[in-house]
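My plan is to look things up bit by bit and jot down what I find.

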Amino acid sequence: MAAASPSASSPARWPLSLWIGMAMLAPLILVAVGGPAVAPYVYDEMNFLARLQPPGPDFWCGTDEFGRDVFSRTLVGTRESLIMGFSATLISLVIGMPLGLIAGYKRGRIEELIMRASDVLLSFPPILLGILVLAVTPPALWKAIVAIGIVYAPQVVRVTRAITLELMQEEFIEAARLRGESARYVLFSEILPNIWPPLAVETSLRIVFAILLGAALSFIGMGAQPPSSDWGLMIAEARPFVEQAPWIALCPGFALAVTVIGINLLGDGLRAVLDPRNTGRH
Amino acid sequence: MRAPSDSSPQTPVLDVRNLTISYTSARGTQRAVTDVSLAIMPGEVVGLVGESGSGKSTVAMAVLDLLGEDGVIETGDILFEGTDLRTLSATERRALLGHRIGAVFQDPFTSLNPAYTVGDQIAEPLIRHKGFSAAQAAPRVEELLAEVGIREPGRIARSYPHQLSGGMQQRALIATAISCEPRFLILDEPTTALDVTVEAKIIELLASLCDRHRLAALFVSHNLGIVNRLCSSICVLYGSQIVETGRTRDVLADPVHPYTKGLIAALPHITAERHQRLPSIPGTVGKAAAMPTACVFAQRCPFVEDACRNQAQALRKSAGGRDTRCWKSDALKEAPWPTEAGLATARKAPTQQTAPLIEVEGLCKTFDGGRSILPWRRRSGTVAVDHVSFTIERGEVLGLVGESGSGKSTIGRSILALIEPSAGKVTFDGADFVEGARQGDRDLRRRAQLVFQNSAASLNPRKTVGAAIARPLVLSGLTEPKARREKVAELLSRVGLPIHYAERYPHELSGGERQRVNIARALASEPEFIVCDEAVSALDVSVQANILNLLSELRDELGLAYLFITHDIAVISHIADRVLVIYGGTLCEEGPIERILRPPYHPYTEALLSAVPRLARAGDGPERPRILLEDTMVTTSGGCVFRGRCPRKRGAVCDEQAPPVQTAADGHRIACHIPLAELAAAAPVFPDLVA
């Protein structure tokens, strides 16, 4: 008998990785929303009497060379890093998904054109492309976001196209063509719902790359600008003091690591939950 | 060649005792095999049959230690020549497998490693178990290849798997399995992936090998006809339990357990009366573990009593040295499986007063090798269909029979304009169908539908059954939600599904239920014509009978015409009015089914019919010897496409000229150089065919 399967969204069946991922990200998101309000100190307030203080009861993660509280700065930087990751990925999706869908559905010349163009973009190291986009104009955070979005769009194109190609072989697409469905219906009502889950997994990994690239760009001075407390920028500024006061670099570095691992675990868990074949029979 | 016998003839080669196996997954524990015992004596071939999910392959996997991490043997022993395999260490066990126990699996295409030559792979067990060097192994490999009937063993040994046909690959795998002269073979559906004519040769080979080397074997299959040909005794599995065992002839000719009775009754039979419904087994397969206090078959059994529902059945001896898991088997001995002949409704006769519904003229399809913008990447195309013409009347079932690669699916998809034909014309009720489809004529589309083979792939996994069936209704203008829901409910009950199934997703349904949904979706646009592309091939026998009955019913009540594409002669002879036999993209023979099954035969049809594995039934005469074709399939242009495998090739004329189409009685047409009179002199393949 085909028993009604427990639905995919029954949390009792969620894999452990999803729970751990969520547990790691939840506080980060709370901190990002709270921003300066949850920080014990004002993030850019200098205090020259307390420069380069080691971690202690007053300053949990010590202070930097201007006497700013590293813990507060890291907390405030969360918002910027997460915004950077999420919005850059969103831009990648907005650019990449339609192109991938069209390439996989239309095939032929349009596909060649889209894929070769994205191959060209892919052949450059992302950081170099980021620098290229940012170098011509004065650096700013929103420009870094757009640059990262563009740089990672070809990856989304490739993934979307691959899934579309696979789906186009399926008989339910043939059945739709047999009914005389329009291309728009096939793309949006038959293919898109099936692309979403694998793409969501891919996207969660893209966010990680975007955050890391953003940090790297800030590190070389192309992204966030002082006195911002972007993690990448913080690590860059901590560089001269690494031996003297390692906590200035370690604190944002640790935050970065938690974010990356958390999102990765979440993506892993999502993969298991979103696959319809993992729920009922089969 | 024969291995010296080191165990007394009384010891079974394989002795499985009270085997119970469970699979554990995130969804809980499922019992796959419950209390299975079977013994195989030296030289004996035992068939293990059952439908999908019955646990038959799990038994084979347990013997081979291939259950995987999830499979756990709860209780039971597996004795090989008196040694319990479960007490052996992994190393000791590995030394037995491939050495004393050989195995051949279902899919030759994935069982060989594409990176090594066939010879290297056959030599592997020799090197591993017998301590041969590569140089010593080479002559033995050629000997083995010759033994499994390969003509040029030297050349084949140096070939890579992709250079061989499926039949050749399966022969190579059999050579691997017998390379170390094992005492025992496990054959897990070894011919299921092969064409009927190739299957016939492989079965013949296995039978002669077992005979010559006094090999014992466990033959796992869903195909009773093959088991009948190869196995001396048979175990029927249902819902993880053995329900009946005995000598093959006895069990098949005179089944005792209700399930076996139903299974045999539900098989379409070539020589049976046509235009009748098939007897079927209602319901779907249950699991023994789910019903610990009832007979596992009780829910589907027509002979069920209260006593069956209150007690789990034990395997008991019944008359004739047979074991049956049914307490009333002695009383049921004479009881036949109930038939549903009375349910057949009067058929709307195919009408011929108007022009045919579908006319196909000179249909050709060539697939491009590669349509690249780079000239050196373009390759010459493959001819899939070559000038095929036929007609389908209103309400007629036209069968299209051919082996894999014959172009039968391409024909089906071309006439629905899913594939654009390279040449030729498809006329649907007077209109050019391909042109109409290209211009987006939805009404024309609406009138011709398709039911696919793969019931899972043809439904969008993210849409409910209701949404899938409702979509064609929306397209035909039924936009009011309430009316649409009512129509969906009507269609669901039309195909025999409960109305609440509209809320379910395809993966929550069984294969047979999904195929019903596919049929309901095809019916939603009220078509006049449906292409059934291997629509019942992937289904279990009992489910297949249900779907065939449903299709017959719809044909009779709605006057639907079908193009029924299949490789299964028994199915085609059950449902089709007329048949096209196709080989290498060209038409060999065409005519009413009654004519196709009798001489004159096209040589290919004759071989195809003779290769069909059949069940012996009471009153059957001696079986006609099978016509065995060469494995290779030559389809070079010019001359007859079948000449490379034809057992009755006449000579140069077959190589040089396309065969003429000769017309016999009743619109029976044969494309062959051999004169009709000579073809008509052939002995009938089915002498027992009802007149």
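This is a predicted model: local features need pLDDT of at least 70, side-chain atom pairs count only at pLDDT 80 or more; totals for chains, interfaces and linings use all residues.

Below are my entries, in the order I looked things up.

**Entry 1**

I checked the confidence scores before anything else. Chain A has a mean pLDDT of 82, with 93% of its residues at 70 or more. Chain B averages 85, and 90% of its residues score at least 70. For the complex, the predictor gives an ipTM of 0.74 and a pTM of 0.82.

Where does pLDDT stay under 50 in chain A? I found that stretch at residues 1-8 of chain A, where the model has 17 contacts beyond four places in sequence. In chain B, pLDDT also stays under 50 over residues 1-8, and there the model has seven contacts beyond four places in sequence.

**Entry 2: chain A overall**

I counted the secondary structure of chain A and got nine helices and zero strands. Reading along the sequence, I wrote the pattern down as α-α-α-α-α-α-α-α-α. The C-alpha trace of chain A spans about 75 × 50 × 30 Å along its principal axes. Chain A has 282 residues, and 44% of them count as buried.

I also looked at contacts in chain A with a separation of 6 or more: 72% of these come from residues 24 or more positions apart.

**Entry 3: one residue, Leu122(A)**

I picked Leu122(A), which lies in helix H3 (residues 108-122) of chain A. Why does Leu122(A) count as partly exposed? It has 18 C-beta neighbours inside 10 Å, so it gets that label; buried would take 20 or more, and exposed 12 or fewer. I then looked at Gln155(A), 33 residues away from Leu122(A) along the chain, and their C-alpha atoms are separated by 7.8 Å.

**Entry 4: a covered helix in chain A**

Next up was helix H8 (residues 231-238) of chain A. How many of its residues are buried? I got eight of eight, so to speak a mostly covered helix. The buried residues include Trp231(A), Leu233(A), Met234(A) and Ile235(A), and Glu237(A) is buried as well. What covers them includes helix H2 (70-106), helix H7 (183-219) and helix H9 (247-274) of chain A.

**Entry 5: a sheet in chain B**

Over to chain B, where I found an open sheet of four strands in the order E2-E1-E4-E5, with antiparallel pairing. The edge strands are E2 (28-40) and E5 (83-84) of chain B, each pairing on one side only. Strand E4 (residues 71-80) of chain B is joined to E5(B) by two bridges, and these strands run antiparallel. I spotted Phe80(B) standing opposite Thr83(B) in E5(B).

Helix H1 (residues 56-63) of chain B packs on this sheet and touches strand E1 (14-25), E2 and E4 of chain B. Its direction makes about 110° with that of E1(B). H1(B) is mostly covered, with eight of its eight residues buried. Among them are Lys56(B), Val59(B), Met61(B) and Val63(B). Just after H1(B), Asp65(B) takes a positive phi of about 60°.

**Entry 6: another sheet in chain B**

I came across an open sheet of four strands in the order E14-E13-E16-E17 (chain B), with antiparallel pairing. Which strands are at the edges? They are E14 (382-392) and E17 (431-432) of chain B, and each pairs on one side only. Five bridges join strand E13 (residues 358-367) to strand E16 (residues 423-428) of chain B, which run antiparallel. Val360(B) stands opposite Val426(B) in E16(B). Helix H13 (residues 408-415) of chain B lies across E13, E14 and E16 of chain B, at about 120° to E13(B).

**Entry 7: the nonpolar cores**

Last, I looked for nonpolar cores. The largest one has 199 residues, and those with the most contacts inside it are Ala217(B), Leu218(B), Phe219(B), Val236(B) and Phe564(B). Helix H19 (residues 541-558) of chain B gives the most to this core, with seven residues. Apart from it lies another core of 66 residues, including Tyr152(A), Val208(A), Trp231(A) and Ile235(A). I'd already met Trp231(A) and Ile235(A) as buried residues of H8(A).

Leaving aside neighbours within four places in sequence, its contacts include Val49(B), Gly50(B), Ile242(B), Val251(B) and Tyr259(B).

Methods:
Residues are numbered from 1 along each chain as its sequence is written. Chains are lettered from A and ligands numbered from 1 in the order in which they are written. Two residues are in contact if their C-beta atoms, placed from the backbone, lie within 7 Å. pLDDT is the predictor's confidence in each residue, from 0 to 100. Two strands pair if DSSP finds at least two bridges between them. Axes are lines fitted to C-alpha atoms, for helices over the stretch in contact, and angles run from 0 to 180 degrees between N-to-C directions. A nonpolar core is a set of buried Ala, Val, Leu, Ile, Met, Phe, Trp, Tyr and Cys residues joined through C-beta atoms within 7 Å.
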